Amino acid sequence: MSKNTFDLRGMKILIVDDTSPNIDVLRQTLEPQQYEIAIALSGEAALKVAPKFLPDVILLDIRMPGIDGYETCRKLKENESTREAPVIFISANNETEDILEGFLVGGVDYITKPFQIQEVVARVETHLKLQHLIKEHEAKRLEMKQVATELLKKNNRLKETMEQLKSAQKKLIQSEKLAGIGRLTESMCHEILNPLNIIFGVTQAMEMERPEDENLQKDLASITEEIKRIENITSALSDFSAQGEISLESVNINQLIQQILEKQKSKGRLDSVKVNQDLATDLPDSLLDTQLMQQVFVNLVNNARHAMEENGTLTVSTQFLAVNENTNQISSNGSPVPQGLGHLRVKFSDTGKGIPPENIGKIFDPFFSTDPEQTGMGLSISHSVVEKHGGSITADSDGEKGATFIIDLPVVHRDAQA
Ligand SMILES: Nc1ncnc2c1ncn2[C@@H]1O[C@H](COP(=O)(O)OP(=O)(O)OP(=O)(O)O)[C@@H](O)[C@H]1O
Ligand SMILES: [Mg+2]
């Protein structure tokens, strides 16, 4: 590499020597090259100066009073900040032993006294060039490392975004499919209810025509019962498919729960049940579809009531969880759930017969019911409603000690709405 490719001006040289004439000669030799030069008159002084001055090359006399050049070199190599600076030993003679010892303690070169000016200049320049190259290389390495880290971060962010997009896309497809199924269901229900009404009418007419025929009356009663069952199923299916867009309004969930419990009590549906309310006082209002959420809570109250004998206890609690654990959540309609507002947790715990482990994975499936009189749509509707709000509903049951349903809903305010 040609001399011109390096600009060594301003590079730092530390001269360590106890003899002024030597220092003068070295200084006069090196100063014209426009290096920055520092002087230390002993090994001890060198150890103090070097970590502050951070030389690119050290010229180190071997024979000095106090700690000699070898010891000074050893110590310089022990210190992290001076370890990399190349040491050129200054030897009074060129005896092989001296030179060898110098290399052993970490020196990279040597010059001999009396100084040959051109030799000194050449050796110093060679080591400065090397240092220059090493530093340049190190700077490039760090730069590359930084670029690589940045790229890695960007790549990870990209991966995360891709995952989110994929899951949003999946949910969108799912909700599109659901909407299609919903429309189909709606018209099916309609088509079923029309002939069913006719059958019901004919059954009633036959009941009135032949009141004396007991067998016939029995058969007609069971037909009527089955008609009611089909009606229930179709109306539950209709409810399920009718949940298109949700209509949000700012609601206090505590009030909603209290209204429902009052209503259920006034209808006599909680006569045999003790109801405990443990409602949080710091609950923020949130945007919810009141009607749909009411439907969810009524389903949970009904289920608990069905599961309990006389004297059961239903405990309803609410809680505000300030930090949203489900970061980067995407709601079932594909839009991201606003972050940072925390979420509401509503728990319904009962002392009923509990849910056997083999059923716990099925209870949110449409039409799953352990009661032949029921449609088995309550929990699947509830699940879909909660999902539409960007929340989750889970069930927990410890054998026969009852069941607990936990609903988590993100707190959403009007200004945070997408
Ligand atoms: N609190 C509960 N304790 C014990 N089992 C429960 C409880 N809630 C739900 N289950 C079980 O989950 C099943 C499904 O509940 P879901 O509400 O979907 O349907 P259902 O109550 O049977 O009928 P529907 O609500 O449509 O009238 C129930 O049949 C019951 O076996
Ligand atoms: Mg139910």
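**Close-up views of helix packing and sheets**

**View 1. Helix 2 beside helix 3.** In this predicted model, the axes of helix 2 (residues 43–53) and helix 3 (residues 69–78) come within 9 Å and cross at roughly 20°. Helix 2 and helix 3 are therefore roughly parallel to each other (angles under 35 degrees count as roughly parallel, over 145 as roughly antiparallel, 65 to 115 as roughly perpendicular and the rest as oblique). Axes here are lines fitted to C-alpha atoms, for helices over the stretch in contact, and angles between N-to-C directions run from 0 to 180 degrees. Helices (H or I, at least four residues) and strands (E, at least two) are DSSP runs, numbered from the N terminus. The crossing of helix 2 past helix 3 is right-handed, that is, the near helix is turned clockwise from the far one by less than a right angle. Helix 2 brings Gly 43, Ala 46, Leu 47 and Ala 50 to the contact, while helix 3 brings Gly 69, Glu 71, Thr 72, Lys 75 and Leu 76; residues are in contact if their C-beta atoms, placed from the backbone, lie within 7 Å. By class, these residues are four nonpolar, three polar and two charged (Ala, Val, Leu, Ile, Met, Phe, Trp, Tyr, Cys and Pro count as nonpolar, Asp, Glu, Lys and Arg as charged, and the others, Gly among them, as polar).

View 2. Look for strand 1 (residues 12–16), joined to strand 2 by five bridges in a parallel run, with Val 16 opposite Ala 40 in strand 2.

**View 3. Helix 7 across helix 8.** The axes of helix 7 (residues 253–266) and helix 8 (residues 290–307) come within 10 Å and cross at roughly 50°. That makes helix 7 oblique to helix 8. Helix 7 passes helix 8 in a right-handed crossing. On helix 7 the contact residues are Leu 256, Ile 257, Ile 260 and Gln 264, and on helix 8 they are Thr 290, Met 293, Gln 294, Phe 297, Val 298 and Val 301. This contact has seven nonpolar, three polar and no charged residues.

View 4. Five strands form an open sheet in the order 7-9-10-12-11, and the pairing is mixed. Strand 7 (273–278) and strand 11 (392–397) are the edge strands, each pairing on one side only. From one strand to the next, the twist averages 15°. Strand 9 (residues 312–321) and strand 10 (residues 343–350) run antiparallel and are joined by eight bridges; Leu 314 stands opposite Asp 350 in strand 10. Helix 7 packs on the sheet against strand 7, strand 9 and strand 10, its direction making about 165° with that of strand 9. Helix 10 (residues 378–388) touches strand 11 and strand 12 (403–410).

**Reading the views.** Residues are numbered from 1 along each chain as its sequence is written, and chains are lettered from A and ligands numbered from 1 in the order in which they are written. This is a predicted model in which local features need pLDDT of at least 70 and side-chain atom pairs count only at pLDDT 80 or more, whereas totals for chains, interfaces and linings use all residues.

Methods. Contact = placed C-beta atoms within 7 Å. Pairing = 2+ DSSP bridges.
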